[in-house]
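Subject: Structure handover and findings

Hello,

Here is the structure for you to look at. My notes follow directly below it.

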Amino acid sequence: MPNNTGPSATSTNSSNDSTPPQSTSRLGQILRNYRFPLLILTGVVIGAIIGLIFGEKATVIRPFGTLFINMMFTLVVPLVFFSISSAVASMSSATRLGKILGSMLGIFAITGIIASFVMIAALWITKATEGVKVEMTQPEDVEEVGSIGDQLVSTFVVDDFSKILSAEHMLALIVFAVIVGIATSKIGAAGKPFAQFLHSGSEVFLKFTSIIMYYAPIGLGAYFAALIGELGAQLVGDYVRAFLVYYPVAIVYFVVAFTLYAFLAGGRRGISAFWSNIIEPTAISLGTSSSVAAIPANLRAGKRIGVPRDIRETIIPIGATIHMEGSSLSAILKIAFLFAVFGRDFFTPGNILIGIAVALLAGMVMAGIPSGGFIGELMIITLYGFPAAALPIIQIIGTVIDPPATTVNSVGDQASSMMVARVLDGKDWMDKSDDDASEESEIALAEVASTEKS
């Protein structure tokens, strides 16, 4: 009897006891998978609380945040150079690069226009700028930026190689990296060793990123505490209405638009992959107010999502400089705010169309660094004929809404890279591994080397 009942009893007990451990195992797996993003979010939340409680006194811990930001900016230049030049050098043909860049620019323009219309609709519905009165002061120092032609030239090229090695000339660095990649691929077998060097450099600095990210919870927490403590007092007066419009609109756009873009790129699977991997770049861009600082985390997220290497390593660094959905949202808000201050009607077809064009241009010239966009702000003032005294008005707005704007900018690069992958590689792009492509490239290199030896 015991022999008959024992296994049955054991089986029953095993069946009854299996559910809790399985449930615990699933919870443990989730916590293991998300432990680092959760640590980052915890650090940010604690920092925000410290800033709210202690106010400006919280700025005493800013150096701990500056340490993290400086490390990220030190990393950005070599990472962008190696990742872009390596991606371009390993492309099968110049046609592939052209398709990537063409699709990228088209998607950047479309998403920027959508963002502009979203803010216009929000301002129209809420009437947030009606009756705005702001005391204006003449700025003591207005930066001399030169002619538009000079600005365009200095945006894409620099007059000395040493200036390439700076995050302040990111677009020039990107142009340089693309040409290096093209030159490497064009010389054939002679360029293979250098292409391998570029690929190795890209991997090294991605690992460098992983090492630095261990400090992210502390660094971002400290930076957030100082940011909240310093800027909290500025949220007063008529500016509050502008801020109360921007923050909800940015949050809604962040959730709704990016979910839609992820769905268009990869269906439900695309949504799951996007939101499962976007927390890290979101926290970094929100905490540092820098799209450039978030490039390493964005590249890592793109790899986990499954975006092909040549696409993510081309679009994300370039997008950090010229793809600014959050800046399009803020540019429309700044324009409408100035129109209200000077008693002019923004909501006319002509002004709206010009506003969208200005928003796109401002987004394309804004550098991916904290408190960037000075040229874009000057563009707004000069194109609409506002006096120079209007500059401080939009500078204050830009400073306080910079964190969410930068977050939308940065995360939008990832969503755009997914849509470019969908356009170029079809609906099954998430099933294609760029690691396979890398292996094929290495096999080809080995075959070339063996042929040369024979």
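Glu313 and Arg309 are both buried. Buried means under 20% relative accessible area, exposed means over 50%, and partly exposed is in between (1.4 Å probe, protein chains only). The side chains of Glu313 and Arg309 form a salt bridge, at 3.4 Å from N to O. The term salt bridge stands for a side-chain nitrogen of Lys or Arg within 4 Å of a carboxyl oxygen of Asp or Glu. Both residues sit in helix H12 (residues 309-322), four residues apart, about one turn of the helix. An α-helix has 3.6 residues a turn, so residues three or four places apart point the same way.

Before the rest, a word on the source. This is a predicted model, in which local features need pLDDT of at least 70 and side-chain atom pairs count only at pLDDT 80 or more, while totals for chains, interfaces and linings use all residues. Residues are numbered from 1 along each chain as its sequence is written, and side-chain values use heavy atoms, with hydrogens and water left out.

**The chain overall**

The chain has 18 helices and zero strands. Helices (H or I, at least four residues) and strands (E, at least two) are DSSP runs, numbered from the N terminus. Of the 454 residues, 50% are buried. Among contacts with a separation of 6 or more, 84% join residues 24 or more positions apart. Contact means heavy atoms within 4.5 Å.

**Other salt bridges**

The structure holds four salt bridges. One of them pairs Arg269 with Asp431, with the closest N and O atoms 2.6 Å apart. Arg269 lies in helix H9 (residues 239-277), and Asp431 lies in the loop between helix H17 (402-425) and helix H18 (434-453), so the pair ties together parts that are 162 residues apart in sequence. Arg269 is partly exposed, at 47% relative accessible area. Asp431 is exposed, at 51%.

Another salt bridge joins the side chains of Asp159 and Lys163, at 2.7 Å from N to O. Asp159 is exposed because its relative accessibility is 64%. Lys163 has a relative accessible area of 34%, so it counts as partly exposed.

**Helix packing**

Two packed helices are described by the angle between their axes and the distance between the axes. Here, axes are lines fitted to C-alpha atoms, for helices over the stretch in contact, and angles run from 0 to 180 degrees between N-to-C directions.

Helix H2 (residues 62-89) packs on helix H6 (residues 170-186) at about 35°, with the axes 7 Å apart. Their crossing is right-handed. H2 contributes residues including Val76, Val80, Phe81 and Ile84 to the contact, and H6 contributes residues including Leu173, Phe176 and Val180. The residues of this contact are 15 nonpolar, four polar and no charged. Nonpolar covers Ala, Val, Leu, Ile, Met, Phe, Trp, Tyr, Cys and Pro; charged covers Asp, Glu, Lys and Arg; the others, Gly among them, are polar.

Helix H13 (residues 325-341) and H17 have axes that come within 6 Å and cross at roughly 140°. H13 and H17 are therefore oblique to each other. Angles under 35 degrees are roughly parallel, over 145 roughly antiparallel, 65 to 115 roughly perpendicular, and the rest oblique. The contact is made by Glu325, Gly326 and Ser327 of H13 with Ala405, Val408, Asn409, Gly412 and Ser416 of H17. This contact divides into two nonpolar residues, five polar and one charged.

**Covered helices**

Helix H11 (residues 295-305) is largely enclosed by the rest of the structure, because nine of its eleven residues are buried. Among them are Asn298 and Arg300. Just after H11, Gly306 has a positive phi of about 110°.

Helix H10 (residues 279-288) is mostly covered, with eight of its ten residues buried. Glu280 is one of the buried residues. Ser289 follows H10 and has a positive phi, near 55°.

**Two single residues**

Ser86 is in helix H2. Its relative accessibility is 2%, so Ser86 counts as buried. Leaving aside residues up to four places away in sequence, Ser86 touches Phe81, Leu198, His199, Ser202 and Arg309.

Ala257 is in helix H9. Ala257 is buried because its relative accessibility is 8%. Its C-alpha atom is 9.1 Å from that of Ile114, which is 143 residues away along the chain.

Best wishes

How values were computed. Left-handed = near helix turned anticlockwise from the far one by under 90°.
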